[in-house]
Amino acid sequence: MSESNQAFIVISGARENNLKNVSLRIPKRKITIFTGVSGSGKSSIVFDTIAAESTRLLNENFSMFVRNFLPRYPQPDTDAIENLSMAVIVDQKRLGGGSHSTMGTITDISPILRLLFSRIGQPAIGGANMFSFNDPQGMCPECNGLGRRLGVDMSKAVDKSRSLNEGAILLPDYAVNSFDWTMIVQSGSFDPDKKLSDYSDEELEQLLYGKARKVEVEFAGKPINITVEGIIEKFTNKYIKRDVKTMSERTQRAVAPYITEGPCSSCRGARLSAAALNCRIQGRNIAELSSMEVGELIRVVREIGDPVAAPIVKALTERLQHLVDIGLDYLTLDRETDTLSGGESQRVKMVKHLSGSLVDVTYIFDEPSVGLHPRDVHRLNGLLQKLRDKGNTVIVVEHDPDVIKVADHIVDVGPYAGSRGGTIVYEGSFEGLLESGTLTGTHMKRPLQLKPVGRQPSGKLSIKDAQLHNLQNVSVDIPTGVLTVVTGVAGSGKSTLINEVFLSQHPDAIVIDQSAIGVSTRSNPATYTGIMDDVRKAFASANKVSPGLFSFNSKGACDNCQGLGVVYADLAFLDSVKLPCEVCGGRRFKEEVLAYKLNGKSIAEVLEMTVEQALEFFELKEVVRKLQAMSDVGLNYITLGQPLSTLSGGECQRIKLASELHKKGSIYVMDEPTTGLHMSDIGHLLEIMNRIVDAGNTVIVIEHNLEVISHADWIIDMGPDGGSKGGQVVFEGTPSQIIHAELSITGKYLR
Ligand code: ADP
Ligand code: ADP
Ligand code: ZN
Ligand code: ZN
């Protein structure tokens with residue numbers, strides 16, 4: 001290897017997926033950005049080749065014995081990869097982890113805060129574990145550190161505008177004239193004709209929470225001695241305090257609607273023991289600090305002057321500053337990680353690495369700008385540069401022009417998607433890209449065009465006094481029959497307003513998000529869109545056999561792999577290993593089924609077709625319509641049989657969009673539909689959204705992309721900032737108005 005090559009990761013002859021013998025050099029200790037239309041092959045190079053090889057090499061470091069237990073990572077299809085350092089993939093997979101995983105625990109900030117309390121808290125009560133809700137010594141004994149407990153949903157349990165005789169008790173078991181209802185009415189304590197709203201406080205307390213007491217009542221004409229107790233008390237003992245598993249499924253279903261989760265009454269949601277909550281620094285306990293927004297918390301921590309704590313304070317502020325730098329200052333340490341969005345999750349993971357001391361690592365990011373307003377993108381850029389300056393190689397797949405600008409080196413993959421892509425169309429500097437004539441270069445140079453005149457709304461949907469999370473009594477009208485874009489900096493309240501408040505009032509809306517689709521490993525674009533049913537029928541009638549034969553879920557399936565095309569070798573304690581089926585060679589069907597042809601192609605060959613190829617092959621009206629919808633959303637390049645589990649979030653979102661395209665009179669809600677889309681595909685997406693609107697639907701889109709914003713009929717801009725400094729509507733109007741709105745940060749960027 002030549003001396004100069006040491007400074008590069010060198011890839012020769014890469015052929016994963018659609019790659020056409022790609023060779024390239026990626027400068028080490030620099031930022032390299034991969035761009036290109038979706039499906040061009042960026043992930044095939046970055047994830048399936050570079051990251052895959054790094055993982056495989058890592059495993060080779062283990063002894064033969066240990067390796068026997070590890071999944072066998074196949075060598076990526078390349079001639080050679082040289083000079084690779086350890087790769088860390090920082091992706092958008094959401095941080096799961098349940099309620100015991102919070103922003104503070106995942107960033108390792110909480111342990112430092114606990115240490116601080118154990119050293120200088122007044123009065124300190126012992127070691128750092130006394131302040132941990134994950135430790136039996138620190139957790140609230142009532143809720144076991146969960147901060148929440150189940151209770152009765154009062155709004156569903158009683159209707160105070162009615163009397164007992166009018167059926168005021170809505171809980172199951174208390175229908176008028178039922179046994180339990182009769183006992184309450186006959187107990188003599190309550191006037192059955194008085195509305196509950198007219199009860200005195202004592203009467204209500206007695207009805208709801210009264211302690212069990214013996215009374216003599218009459219039932220079915222006979223006097224009996226029974227115990228009556230408050231209806232909420234009884235329900236709680238009978239259904240909530242009991243192990244759900246001991247109840248029949250029917251009972252569980254019947255009582256579930258009346259049960260809701262609320263804050264623990266003992267710790268009031270703080271999760272910690274009373275001793276821990278009594279320990280304070282400058283008048284605040286650890287739960288109060290953890291529920292403060294990071295931007296505020298860092299100021300409080302900086303004021304701690306105790307010299308004993310100096311090194312701890314330093315470590316704490318350094319990490320908190322990273323969160324501020326990356327634009328997460330609106331989050332709190334006690335925020336549960338499974339409530340973070342994909343983009344937020346990726347930035348939180350990034351912070352973890354910034355505080356680490358690893359050097360000469362190859363960091364790989366997947367569209368880190370997701371969820372970031374143009375205002376926040378420069379912060380992200382700063383962090384990428386910081387990682388580089390620590391001596392790491394940074395590789396980023398990205399479409400956002402403002403991120404692409406900071407690259408030391410750009411690799412443009414294309415020219416198009418699938419088989420029409422898979423080559424490198426440009427390598428070099430940003431200035432060079434602009435003059436390269438590639439799709440990316442050309443689009444980067446195009447100026448933004450504001451939509452001149454919007455469509456007229458047909459009506460409006462109102463949100464009134466919304467207060468969830470950071471929303472500050474938001475009342476806003478969303479026009480119907482037009483395209484509305486909801487925008488604003490990260491944390492300003494867009495998702496809360498639309499995905500939570502609005503959708504809770506409009507459950508009939510069609511939500512097109514980026515969550516994974518296809519619960520089963522057997523789902524693919526053909527089964528998801530319904531094309532497979534028509535294809536099976538076509539094969540059946542052409543060959544005069546049953547359609548069931550052409551399903552890899554039933555009769556026609558390869559016996560060895562049950563139609564999966566792969567077999568899973570189960571390992572005791574690791575993810576199982578996936579190996580191609582030896583019998584069918586991954587084609588999923590029995591040999592005899594593959595002998596049946598439709599216009600010369602077997603069912604397996606049809607499933608290997610891309611959408612584009614299938615459009616040429618099929619003439620069936622229904623199939624063509626569904627294929628055309630997929631083509632319209634820019635998915636020409638995916639094959640009909642590609643497992644849905646291999647699709648990216650953006651691709652999943654577009655496949656959902658394709659299968660919902662033909663509805664009328666509906667409300668569509670989309671969350672950052674430009675994710676994963678190259679600039680040249682955005683025009684296409686806009687066309688589709690316009691078509692949906694023109695067919696008589698209402699489209700509401702959460703988006704930061706300036707091109708989409710500038711094409712809206714109506715813009716709702718949230719802000720002014722994130723977290724407690726946001727939660728207001730700062731602008732409502734058209735694109736040509738927003739550029740004159742002084743308060744709107746979005747308007748500033750559109751100008
Ligand atoms: P990009 O990252 O540029 O969007 P990809 O590298 O994901 O593009 O995809 C390049 C091509 O390879 C596409 O045609 C895609 O459908 C195909 N492809 C990607 N992953 C797989 C897979 N696991 N199985 C089959 N085809 C795949
Ligand atoms: P945006 O969509 O504009 O990025 P969000 O609606 O996600 O903003 O967040 C608005 C505010 O609400 C932020 O301060 C955020 O931390 C808070 N928030 C969002 N989701 C939750 C949640 N599940 N629990 C607690 N706070 C939340
Ligand atoms: Zn508690
Ligand atoms: Zn098989």
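Good morning. The model is predicted: local features require pLDDT of at least 70 and side-chain atom pairs count only at pLDDT 80 or more, whereas totals for chains, interfaces and linings use all residues. Residues are numbered from 1 along each chain as its sequence is written, and chains are lettered from A and ligands numbered from 1 in the order in which they are written.

I begin with the chain as a whole. The protein chain contains 30 helices and 25 strands; here helices (H or I, at least four residues) and strands (E, at least two) are DSSP runs, numbered from the N terminus. Its radius of gyration is 30 Å, close to the 27 Å that the globule rule gives for 751 residues, so the chain is as compact as a globular protein of that length. That radius is taken over C-alpha atoms, and the globule rule is 2.2 Å times the number of residues to the power 0.38. The C-alpha trace spans about 95 × 80 × 70 Å along its principal axes.

Of the 751 residues, 42% count as buried. A residue is buried if 20 or more other C-beta atoms lie within 10 Å of its own, exposed if 12 or fewer, and partly exposed in between, with C-beta atoms placed from the backbone. Among contacts between residues at least 6 apart in sequence, 69% join residues at least 24 apart; a contact requires C-beta atoms, placed from the backbone, within 7 Å of each other.

I turn to the domains. The assignment, which is automatic or from a database, gives domain 1 (3-93 + 342-445), domain 2 (103-147 + 267-337), domain 3 (148-263), domain 4 (448-517 + 650-750) and domain 5 (520-646). The centres of domain 2 and domain 4, taken over C-alpha atoms, are separated by 36 Å. Four residues of domain 2 are in contact with five residues of domain 4. The side of domain 2 that touches domain 4 has one nonpolar, one polar and two charged residues. In this classification Ala, Val, Leu, Ile, Met, Phe, Trp, Tyr, Cys and Pro count as nonpolar, Asp, Glu, Lys and Arg as charged, and the others, Gly among them, as polar.

Next, the ligands. Of the 17 residues around ligand 1, Asn 17, Lys 42, Ser 43, Ser 44 and Gly 418 come nearest, where a residue is near a molecule if its C-beta atom, placed from the backbone, lies within 6 Å of it. Helix α1 (residues 42-60) supplies the largest share of this shell, three residues. By class, the shell around ligand 1 has four nonpolar, 12 polar and one charged.

Most residues other than glycine have a negative phi, and most peptide bonds are trans. Asn 17 counts as partly exposed, with 17 C-beta neighbours inside 10 Å.

Around ligand 2 there are 16 residues, of which Thr 339, His 469, Lys 494, Ser 495 and Thr 496 come nearest. Helix α19 (residues 494-505) gives the most to this shell, with three residues. The shell around ligand 2 draws at least three residues from each of domain 2 and domain 4, and it divides into four nonpolar, 10 polar and two charged residues.

I now consider one helix. Which residues of helix α8 (residues 231-240) are buried? They are Ile 231, Ile 232, Lys 234, Phe 235 and Tyr 239. These cover an arc of only 160° around the axis, which puts them on the same side of α8; the arc is that of the directions from the helix axis to the C-beta atoms. Their cover includes β6 (148-152), α5 (154-157), α7 (201-209) and α9 (249-255).

Thr 362 lies in strand β12 (residues 362-366) and is buried, with 23 other C-beta atoms within 10 Å. Thr 362 and Lys 30 are 332 residues apart in sequence, yet 9.8 Å apart in space, C-alpha to C-alpha. The peptide bond from Gln 122 to Pro 123 is cis, with omega near -20°. A cis peptide bond also joins Gly 719 and Pro 720, where omega is about 0°; Pro 720 sits in the loop between β24 (714-719) and β25 (728-733).

Conventions. Two residues are in contact if their C-beta atoms, placed from the backbone, lie within 7 Å.
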